[in-house]
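The structure is shown below.

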Amino acid sequence: MSHRPPSGFAAVSAALLAMSRHLEVRDVLKTIVASARELLDAEYAALGVPDDHGGFAQFVVDGVSDEQWKAIGPLPRQHGILAAMLHETKPERLADVRKDPRFEGWPLAHPDMSDFLGLPIRDGDETIGALFLANKRCPKPEGSCGFTAEDEELLSILAQHAAIALTNARLYERSRELTIAEERSRLAHELHDAVSQKLFSLRLTAQAATALIDRDPARAKGELHQVAALAAEAVEELRAAVVELRPAALDEDGLIATLRTQIQVLDRAHSARVTFESLGVRALPAAQEEALLRVSQEALHNALRHSGAGHVGVTLARHGSGTRLRITDDGSGFEPTAIRQAGRHLGLVSMRDRASGVGGRLTVESAPGKGTTIEMEVPGG
């Protein structure tokens, strides 16, 4: 039975959809390489992302086993035909890459390659990577390249979409880094405020005990007991902050366990009572779980820092065919229209962006003196 490569619009569409499904850069690179190799029916495919030091920040291959890849050795440097793909704007189609004057050989464990098709992946004027295909699986007359002009055109289309997918993945990872940095900054402020208050009280109580120790030992003893209690509370605040400053445990623990842990920390760190309830929610896609976690963190921050609430409740529950997150507080509330007109958003814009980014929606109900309810709904769960 002969090998038949996928062909037609459906195959191209499937490849482009596969690229758009991933948000992590490494996953996007792997999908691009696998899609190109399958679509053009090549034995080998690779994609290199250059660094600023003459090497590759990432180099992904398809068609080579893990054992063979390890035996090949370190990532290649930017030289020979690989460098040409990074520094030129046009595709390169060769009948035998080994006969090209730019060819500089390869490691002993490297597979043998002949016909070759490569082209840069460009974002505007910047080359952000290069795609390489080798050994077209088809009959080839002596001295001719198996890759055709149609293959070159198809790979060019794939590379244009690869540039979009790779750029989006990089922006996503950058936004995650910024979110983590912002979250750590927020937690640092909360840690500073909570622990500073405890230490200030401890200092005043210790001073009172010192003043009383000669004339009223019994009262001084009581003050010293209070010092011990305040010190224990300060230690607990520090432990709680350390727990929350660790990276979010979504990957290991899932949304429910991560939310429960963080809300327990906030309940200990604030005078307001903070509660959490989960009702029948199953695991959700990673992007949705992260969005729900970040929205809950932003809403909790607003409620605990600005509303003067005595109780903040968080509920995560099945709702119809989806999942609903609800954060309710009994605080001072606000007029949403007035907030928008004043140019103060209390993080509502970023929360709405997070919700819409994962196919969900966010609603806000609030009025002066009536508290606030924020709901986010996403499909699934």
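## Aromatic cluster and open sheet

F132 has a relative accessible area of 5% and is therefore buried. The model is a predicted one. F132 belongs to one aromatic cluster together with F56, F59, W69 and F116. The count of aromatic pairs comes to five. Two of the pairs are listed here.

| Ring pair | Centre distance | Plane angle | Class |
|---|---|---|---|
| F59 and W69 | 6.1 Å | 5 degrees | stacked |
| F59 and F132 | 6.3 Å | 25 degrees | stacked |

Both pairs count as stacked because planes under 30 degrees apart fall in that class. F59 sits in strand β2 (residues 56-62) and W69 in helix α3 (residues 66-72), so this pair links parts of the chain 10 residues apart. F59 is in strand β2 and F132 in strand β5 (residues 126-136), so their pair ties together parts 73 residues apart in sequence.

With 9% relative accessibility, F59 counts as buried. W69, at 23% relative accessibility, counts as partly exposed.

The open sheet has five strands in the order β6-β7-β8-β10-β9, and the pairing is mixed. Its edge strands, β6 (273-279) and β9 (361-366), each pair on one side only. From one strand to the next, the twist averages 10 degrees. Within the sheet, β8 (residues 322-329) and β10 (residues 372-379) pair in the antiparallel sense over eight bridges. R324 stands opposite E377 in β10. Helix α10 (residues 348-357) lies across β9 and β10, and runs at about 145 degrees to β9.

Conventions. Residues are numbered from 1 along each chain as its sequence is written. This is a predicted model: local features need pLDDT of at least 70, side-chain atom pairs count only at pLDDT 80 or more; totals for chains, interfaces and linings use all residues. Side-chain values use heavy atoms; hydrogens and water are left out. Two strands pair if DSSP finds at least two bridges between them. Helices (H or I, at least four residues) and strands (E, at least two) are DSSP runs, numbered from the N terminus. Axes are lines fitted to C-alpha atoms, for helices over the stretch in contact, and angles run from 0 to 180 degrees between N-to-C directions. Contact means heavy atoms within 4.5 Å. Rings of Phe, Tyr and Trp (its six-membered ring) pair if their centres lie within 6.5 Å; planes under 30 degrees apart count as stacked, over 60 as edge-to-face and the rest as tilted. Buried means under 20% relative accessible area, exposed over 50%, partly exposed in between (1.4 Å probe, protein chains only).
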